[in-house]
Amino acid sequence: MNWLWAIIVGLVLGVLARAIIPGRQAIPLWLTVVFGLLGGVLGNAVATWAGVGTTSGFDWIRHGLQLGGAVLLVALGSPLWGSIRGRNRRGQRARM
């Protein structure tokens, strides 16, 4: 059941990250979930390192760091995915 919640949180974080970043990100949904999951893990690690990993009440700082990690990974991973898949900056296939 923990894996299901991790996938749902990864999806939400990835979709929010894609909405925050301007322009179109030419990455598939599964990669959005992976970037969201990894962003959540990165945000949790930074929150724990900063000493705000567990607080009383709602963890705004931790969730903000998770979203920031997801935004960072989507922003860095989207152009990388496009270059691997042979697409240019506008998401169109490069002509050969």
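Predicted model: local features only at pLDDT ≥ 70, side-chain atom pairs only at ≥ 80, totals over all residues.
The relative accessibility of I8 is 35%. I8 therefore counts as partly exposed, since that class lies between the limits of 20% for buried and 50% for exposed.

Aromatic pairing was searched across the whole structure. The search returned 2 pairs. In one, the ring centres of W30 and W81 are 5.7 Å apart. Their planes meet at 85 degrees, so the pair is edge-to-face. W30 belongs to helix α2 and W81 to helix α3. The pair therefore ties together parts that are 51 residues apart in sequence.

The other pair joins F58 and W60. Their ring centres are 4.6 Å apart. The planes stand at 65 degrees, so this pair is also edge-to-face; the cut-off for that class is over 60 degrees. F58 counts as exposed, with a relative accessibility of 52%. W60 is exposed too, at 67% relative accessible area.

D59 was examined next. D59 is placed in the loop between α2 (29–50) and α3 (60–84). Its relative accessible area is 10%, so D59 is buried; the limit for that class is under 20%. When neighbours within four places in sequence are left aside, D59 is in contact with G53 and T54.

Conventions: Residues numbered from 1 in each chain as written. Heavy atoms only, no water. Buried < 20%, exposed > 50% of the residue type's maximum accessible area, 1.4 Å probe, protein only. Helix = DSSP H or I, 4+ residues; strand = E, 2+ residues; numbered from the N terminus. Contact = heavy atoms within 4.5 Å. Phe/Tyr/Trp six-rings, centres within 6.5 Å; stacked < 30°, edge-to-face > 60°.
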